[in-house]
Each structure stands twice: as structure tokens, then as C-alpha cells.
Amino acid sequence: MSDIQITDNLLLQELEKRFKEKETAILELEKITEELKAVNAKLTASEQLKSHFIANINNEIINPFASVLGLSRSILEVKDNDWEKVKYMAKLIFVEAHNLDFQLKNIFAAAEIEAGSIYPQISRINIINLIEGVVLDFEKDLKSKRLTFELINNTKFEKDDFTYKSDPEKLKLILSNLISNAIKFSKGAKIIVTVWLEDGILAMSVKDFGIGISQRNKEIIFDRFTRIDTGINSLNRGHGLGLSVVKALLELFGGDIAIESKVGDGSLFTVKIPETDDIVDEDGFSIDGGEVFFVDGAELF
Amino acid sequence: MKKLFLYPAALYADREPTQIITILGSCVAVCLWDPVLKIGGINHYMLPLWNGHGLASPRYGNIAIEKLIEKMINLGSSHENIKAKIFGGAEVLEIEKITFNIGLRNIELAIEFLAEKKIPIISSSVGGKFGRKILYFSDTGEVRLKYVGKTKTKD
């Protein structure tokens, strides 16, 4: 008799347990449904942004091109060896052309990443030289916003003793995007780039003292075609590909990116890039004699 | 013969016979092969579905397989001739990442997606606890596989 009593109790307990499990399952299902809805909304938005992008790209490419063409014509018409004037206009052409080049590099990188046809091309790079080169390209933008630039080398190496195996073009594009954003969203003062090594991994940070990024925007800035509206700068250039390209390139190297920012307090972007060991040829084939590996004992499928 | 090391999130298909090597942990590689034209292609994806974050790259299975099929068709393959082999999706433990069951989800996606596209899977080596290194001959469709036993794989 007492045995049955216990069984009844157990039965009730079991029933209660099952009901609870069912409740949790329903709750989880609701949560998953919510997430699905959010993803769905996001995908729809992404498609819409893509069509905006096609429209925007017109301005991004046609306008700088028109400037380059106009300026070149003006140079051709300069008389009396007015070198100062020529120099001035050549400088303007450089700025426009550099901007164009930068936009196109982002667009092509995004296209290559989305097509799955991007490969690291590794060589030994002088990191400090590379950063200085990138900054030099943005000199005019820095000047026009009255920004000073500071480069802090926190590695224990001197400039010319510090080399790192990675992909120089892709590192340049990552840095160009971070520096371009820092300039775009700065309000005077300066931009600081710091380089250091963390357990042998290259870390670089770009700090600006600009408008900062809200929590909500932090979640979307890596999405493609997303442009954060500054409200101040209605002529906010760019097509919203930059940071999504940065993130995808870092993923290619097994690196990552972190943001520290508060609205009105500036932003600090930190990227970490592990060193790529293999020097690979242009087809992305590692020269580690990988094929020898398969000579014996491999399973066939 | 042309040789290629396929990185994660990349995909490749070409008319030229190619030996492709890739290393898989929880990632999955789908090899598509057309026995009529004797051409093939391969992808290497890390996560099953694109969630709208970042770029729509072949890092995500649904995009990687769709694009690879598209590429094969562009190279002249007829849809009904295409065959698939799938590899990877191991249960490689990574403590710092909360990517639970990612290998399994990657495998499931390949099976479901290919079934939906009516592409038969003619052979596979998926799951388990070890990473894999595969060598794919795009002209014959042959795949040679070795387990990457105790070495750490992060893909």
C-alpha cells in the first residue's frame, strides 16, 4: 500500500516536472521565434539597404570623378608656368583620387569577400611604416579638420626592427577604414594610433575624441550598408561598407575588433591580428608541402 | 596540376583541374562535382546560417552552398548532373566560444540544403571528435582524407 502511495507522489512529481519542462520549452520556442523575427527583419532591411547602396554609389563615384576631370582640365588650361596653382590643383586631384581609390577598394573587397574569392597574400611588413603611409594619405583630411595625429609605439622594438608576417594590402584597408572613420567623426583635437604586441599578437588601436557611438549603434555598425547618421555632417560620405569589410578581413586572419565608446566621449577601436605563419603564394597555396601528407594512409571518398 | 589551399569562408570552382586542400574542424566543406564535364568546386563554411550581421559571405553555409551551385551552373554544369560530398563538422571543443553543437548544425544545414536543391550526397565523412584535412581533385571528384588527430584546429 505504502509503495503505491510513493508511486503516486512520484507520479505527481513527474507530472509537475514535465509540465515545467513544457513551459520552458514553450518559453524557449517563443524566444527563438522572437530571434527569428528579428533576423527576418534584418534580412529585409539589408536588401533594402542594398538597393540604396546602388543609388548612393552613383554619388560616391561620379562626383569625385567629375572633380578629377574638372581639375585636370583646369591644369591643362593654366598659363604662364603658374606652378603654385598647378600644385594646388594637383593636391586636390590627389585627395579626390585617393578617396575614390579608397571607396573602390572597400567595394571590391566586399565583393570578393561575398564571393568567397579573397585570399591572404602574406609577406613580412614593417608595421610602423605601413601606418605612417596610411596616415600620409589622409593628411589633407586631417588638416581640413584641424586634427593632429599621434602614433604611439608600445612594442619594445624600434621602428625598423619591427616586422610582422601578414597581408599588407588588407592591413592597409583595415587601418584606412578605422582612420577615415576617426577623422569623419572627430570634433577637433587629435587622433591617436597605438601599436603593441599582446602575447606576440599584433594589436592596434585608433582613438578619436569625436561624437562617440551609442549602444544601439554599436550593434549595427558592422552590418553592411549601415551609415550612422551624425546629424551634424549632412555630407557624410561613404557607403557603409567600411566596418563590415574590416570585420570580415579580420576574420580572415583569425583576428577581432573591439569598440569602447560613449556618446560625446569619442571612440576607441582596437584590432588584434594574429601573425600568419605560412608564406603563401598567389593562389593561396601554403608552401608547407601539404600534398606529401596524403601519400600514404589517407582515406578515399 | 593547379594547387590551391582553401581558406575558411572561401569558395572555389573552376574548369581547370585543381587539387584543393583544406583543413576542417567544426567547419564543413561541400565538394560539388559534375561527372559529365569532369569539373568540380568546393566551399568551406564556418557557421550554418547568415543572420544579417556583417557581409553575406560564404562564411555561412546557406550562402556558401547557394553560391557554389551557382558557380557550377555558370561553368556549364547541368543541375541534375551535380553530385555532392560533404566533410567536416567535427565536435571540436572550444571553451572560450559558446558555439555549442556548431559542427552538427553545419552538417545538418548541408544535408537539408542539398536535399532541397535535389543534389545527391554520394559520400561523406562528417562529425566525430577529430578535425580533418582533405585533398580534393576537382576533375575526378576524388577526395583523400586524413584526420588531424590531436593537433588543435580552430576552423
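This is a predicted model: local features need pLDDT of at least 70, side-chain atom pairs count only at pLDDT 80 or more; totals for chains, interfaces and linings use all residues.
**Entry 1: α2 and α7 of chain A**

Next I listed who meets whom. From α2(A) come A:Asn106, A:Ala109, A:Ala110 and A:Ile113. On the α7(A) side I found A:Gly242, A:Ser244, A:Val245, A:Ala248 and A:Leu249. Sorting the residues of this contact gave me six nonpolar, three polar and no charged.

**Entry 2: α3 and α5 of chain A**

Then I turned to helix α3 of chain A, residues 127-137, and its packing with α5(A). Their axes come within 10 Å and cross at roughly 50 degrees, so I filed α3(A) and α5(A) as oblique to each other. Which hand does the crossing of α3(A) and α5(A) have? I have it down as right-handed.

For the contact itself, α3(A) supplies A:Leu130, A:Ile131, A:Val134 and A:Val135. Helix α5(A) answers with A:Pro168, A:Leu171, A:Lys172, A:Leu175, A:Ser176 and A:Ile179. My tally for the residues of this contact is eight nonpolar, one polar and one charged.

**Entry 3: A:Phe185**

I followed α5 (168-184) of chain A to the loop that joins it to β4 (190-198), and there I found A:Phe185. Is A:Phe185 buried or exposed? I counted 21 other C-beta atoms within 10 Å, and the cut-off for buried is 20 or more, so A:Phe185 is buried.

I also checked a pair across the chain: the C-alpha atom of A:Phe185 is 7.8 Å from that of A:Asp208, although 23 residues separate the two along the chain.

**Entry 4: a sheet with strands from both chains**

Last, I traced an open sheet of five strands with mixed pairing. Reading across, I wrote down the order β8(A)-β9(B)-β8(B)-β3(B)-β1(B). Which strands sit at the edges? They are β8 (299-300) of chain A and β1 (2-5) of chain B, each pairing on one side only.

For B:Phe5, I noted B:Ile21 as the bridge partner in β3(B).

Note on methods: Residues are numbered from 1 along each chain as its sequence is written. Chains are lettered from A and ligands numbered from 1 in the order in which they are written. Helices (H or I, at least four residues) and strands (E, at least two) are DSSP runs, numbered from the N terminus. A residue is buried if 20 or more other C-beta atoms lie within 10 Å of its own, exposed if 12 or fewer, and partly exposed in between; C-beta atoms are placed from the backbone. Two strands pair if DSSP finds at least two bridges between them. Two residues are in contact if their C-beta atoms, placed from the backbone, lie within 7 Å. Ala, Val, Leu, Ile, Met, Phe, Trp, Tyr, Cys and Pro count as nonpolar, Asp, Glu, Lys and Arg as charged, and the others, Gly among them, as polar. Axes are lines fitted to C-alpha atoms, for helices over the stretch in contact, and angles run from 0 to 180 degrees between N-to-C directions. Angles under 35 degrees count as roughly parallel, over 145 as roughly antiparallel, 65 to 115 as roughly perpendicular and the rest as oblique. A crossing is left-handed if the near helix is turned anticlockwise from the far one by less than a right angle, and right-handed if clockwise.
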